[in-house]
Structures are given as C-alpha cells and as structure tokens.
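Good morning, colleagues. Please look at the structure on the screen, and I shall then take you through two of its parts.

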Amino acid sequence: MTKLTPISFSETDLDAIATHVGRVAVFVDGEGKMDLAARRVNRLTKGAVERLLESERWGKLSDGDVVSMAYPAGMLADAVDIVRLERNAKGVPARKAGASLAKTRGGKADMLVICATLRKAEDVVYGLAMRDYAFEDHKTAESTRSGAVLVMSGKPDELEAACKPLLAVAEGAHMCRDLTNEPANILTTTNYAERLKEMEALGLKVEVLDEEALAKLGMRTLLSVGQGSVSPSYVVVMRWEGGKKGEAPLALVGKGVVFDTGGISLKPGAGMGDMTMDMGGSAVVAGVMRTLALRGAKANVVGLVGIVENMPSGNASRPGDVVVSMKGDTIENLNTDAEGRLVLCDVMWYAQQEYKPAAMIDLATLTGAIITSLGHENAGVFSNNTSFCNDFLKAAEAEGEGAWRMPLGQAYDDLLKSRIADMKNIGGPAAGSITAAQFLQRFVKEDCPWIHLDIAGVASVKTATALAPVGATGWGVASLNRLIADNYEAE
Ligand code: BES
Ligand code: MN
Ligand code: ZN
C-alpha cells in the first residue's frame, strides 16, 4: 500500500531555519504580516521575504497559495516556501496550504514546516498528507518518493494528537486510491478479497462469502453479473464494533466491479480501460473501514462490498435474461452493462436482513449519466430521508467534497416496468442516474434511512483536485468518516 509521507513533530526551533537541509516552509498572513519563522527567514536572506511581500505577484495570491524561493542566501536549504495563510485559518484554506506544500515538495525533499502559532496547523498537515500521493507500484524505476516532513509548533504534542485522526483519514483515502488505481489483472476479485481480509490485523472482523455461500443466500442477481468471468464473485463483510454493544450499525455498501466490459452489451473500445475504477464505491467503503479502525472510532459500522467482474463469454448473462433477486423480485436484464445495480440490490438486501442497520449508504460508480448531470465536481446524492441526507451533505461540505442532491419519485420508478418480470434493469434514455437510484430503492425497506451516492464522476479524474493528484481521488472517505464522527459516535 502507498505509505503516508513520514511526518514528525517538534518544538519550534528558529535556529533550525538556517541549518535545515531540504526545504523550509513558513507562513505569512493576508496583510503581509510575517510570523516569527518568516521574520527569521527574512533576516537570514537580507529582506528577500519583504521584497516578495511588496511584489505584484504576492498581491495576486489567495489563502493557501505558496511562493518558492530557490537556494536562498544565508540558509542551507534548497528552497524556502512562503505560504500565504491567515493565522486563524481553518478547514479549506489551511488544507489547501498543506496541499500546496505537498506539490512544492514533489514527494522528495526533506521539508521543515514551521507552524509556530498557526491555529489550525492540523489542517495544513492533513492537506499535505492527502495531496502527497503517487501510485507507483507499476513503475520499474526507483520510487521518486523519499524524504520526510518535520512540523514545528509551539505545542507539538497537542498538534500531533490533533493530527492523529486526520492522518487516519488520509491513510484510508490512500488505500481507497490504491485499490481504485489498481488494474484489473492485478486486483482480481480474489486478490481484492484477500486484501480486505488483511484488514483483520487492524481489529476489523472480516468475512469473505464465496460463490457457494452466495448461492445459498440466494444472491442470484449478483452472481449473474459475475458468471461470465473466470474470476469468482465474492461479498466481503467488514465489521467495526467500536460503539455500544448491541446498537444497530450504520451499513456502508459498495459496488466492487473490478472490471466492467459491459458484458454481452459490450462497451465501445475507446476509454474502456477506465473501467478498472468500477470498484471505486467498494474502495471508499474499504477506506472508511480502515480509517475507523486506525482511529478507534466509537461507532458500530458494517461495510459490505460486492466483488465481481463483468465479462462477455459463453457463460455470460444475455440481454433478456430474467433473474430472481435475493429479495425475491424478478428482474429482466435488458442491458448487461447496467450491472452495478444488479450487484448492489442483493448486497443491500443482505445488509438489511442480516444486520438490521440504523441506516444504510451505498456507493457506486453507477452511471455515466451522473457525469452528464454533475461533471466531475459533485457526486449524485439520492435519499429517502431528508434529515439523514442533510447530515451527509453537511459533512461533505465541511470536507470540501462535492455532493449534490438529486430527486427521486414515482414517475421515475414507473420507467422500470417490465412486460414479463417485476422490473427491468434499465429505464430508457431519460434520467439514467435517477432510474438507477429508483431501481436500488426497490431494495430498501420502508423504514430504513438510505442514501445512494453515484460517484462515477468523482471517484477518478483526469485533472488534479484540491487534495488529490490525477487518478483515483478517495472522494467520500473523509465525508463518511465525518458523518460517522458527528452522528454515530457516543460521548
Ligand atoms: N460502470 C458504469 C458507469 C460508469 C461510466 C462509471 C463512466 C464510470 C465512468 C456502469 O456500469 C454502466 O455501464 N452504466 C451504464 C448504464 C446504462 C446501460 C443504463 C451507463 O451509464 O451507460
Ligand atoms: Mn456497466
Ligand atoms: Zn459498471
């Protein structure tokens, strides 16, 4: 797994500024007020920081931006990074500052970050840890990632304690990204199940249900998606029991299609390689479970992922096939490329039957249509419960992860009517993301608060985002962790 950048903490020592080898980062606020460390850099460099602050370039920066000065005279460092940030900045700008530092560090330098009196230095550290990610497992060249970050602060112990749960989130997001970036010949269904099983070492209870077990449970629709692949299908259940004994858990359900060719309804060739990320929903679930374990969350959460591969073959599902779901409803499979919902409906039903959750959230790279609607800025949020939905939207907003509520309704549900079965798995050309959500809602019990997150547009992107480089983003790990921290942890 891609490791977090090593980060350590110590008491502010201004004399280290002159002697540190690598990069040195200091902070200046919006009014051009230097903190202690910036003043020391300014003195050592005979006024270079002051000249920067008077420049036109500085005036154009916003909070969280960085200007680097290479090979500063009077210092042993290769560069000084001057960060523009309000002393009491928190959340989004402080994280942006950290991300900017990760970018100037370039995954290599030994960096000294002197937070001195910054109020929310933990957000800077979190932003740095999140952005400092590269997926290099398949590069034969020596890794370019090296070096470490030393954070200095007036209260290093307090800062380190405040960073601990945030770094657990970053580690969960890194895991989510690794899984989502991994190609399907490496992350086979079996390999995926094994990787999740390894999380038992963190104190999670992990159960791997194989095809025999799934057949016994009656998960025929899930199995019908995987039947064209030589790789076996699995459901993996990860339980974190950090809450009150016997208290109903929150259930997280994820789509884990390790590769989606479309099946017999084959996708066009162009861009098909992107479908290695079609297990992105399940990777968020895995990332959240890892985070909860690492920070010892005081909540009961069960994560369930359906792991399958959607391939065309002599044994694959045909368009027109009718399958019986675990719930008992019959489904006419009119497009084998609408496979995610067939995986999720059985896992969601199982989650409710087996764990009687207090609430349920499913995540899936479910529809191309959500990209048409919301682009790569927001995930589609669908819910049967406005207060639950608002709790999630609030958490996502606080984490800076785009999320936008979409409608549900009877008229959309009507589009799923089948001539020969209880429903079909596609609704036609209109409102594709909504009809997909309506399909899922048919497998949600009336009294179960439920949110469906369509993350097809945000799970993996072609341009870097605030806290992630190009590729898998880890979208959702932070928001779900916050939702759990704010609403499900006793104290
Ligand atoms: N995995 C895809 C959705 C997807 C598309 C994810 C682009 C990420 C990027 C999903 O299984 C799919 O193929 N959906 C179809 C549904 C249609 C056949 C009703 C789609 O969106 O075209
Ligand atoms: Mn598909
Ligand atoms: Zn898919």
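The shell around ligand 1 divides into six nonpolar, four polar and seven charged residues; here Ala, Val, Leu, Ile, Met, Phe, Trp, Tyr, Cys and Pro count as nonpolar, Asp, Glu, Lys and Arg as charged, and the others, Gly among them, as polar. This is a predicted model, in which local features need pLDDT of at least 70, side-chain atom pairs count only at pLDDT 80 or more, and totals for chains, interfaces and linings use all residues. Residues are numbered from 1 along each chain as its sequence is written, chains are lettered from A and ligands numbered from 1 in the order in which they are written, and side-chain values use heavy atoms, with hydrogens and water left out.

Which atoms of ligand 1 approach Lys-267 and Gly-368? An oxygen atom of the ligand is 2.8 Å from an N or O atom in the Lys-267 side chain, and an oxygen atom is 2.7 Å from a polar backbone atom of Gly-368. Taken alone, ligand 1 exposes 520 Å², of which the protein buries 77% (Shrake-Rupley method, 1.4 Å probe).

I turn now to a sheet. Three strands (DSSP runs of E, at least two residues) form an open sheet in the order E11-E12-E16, with mixed pairing; strands pair if DSSP finds at least two bridges between them. Strands E11 (321-324) and E16 (423-424) stand at the edges with a single partner strand each, so one side of each is left without a neighbour in the sheet. Strand E12 (residues 330-333) runs parallel to E16, joined by two bridges; Glu-332 has Lys-424 as its bridge partner in E16.

Methods: Polar contact = N/O pair within 3.5 Å; in protein donor to acceptor, adjacent residues only side chain to side chain. Helix = DSSP H or I, 4+ residues; strand = E, 2+ residues; numbered from the N terminus.
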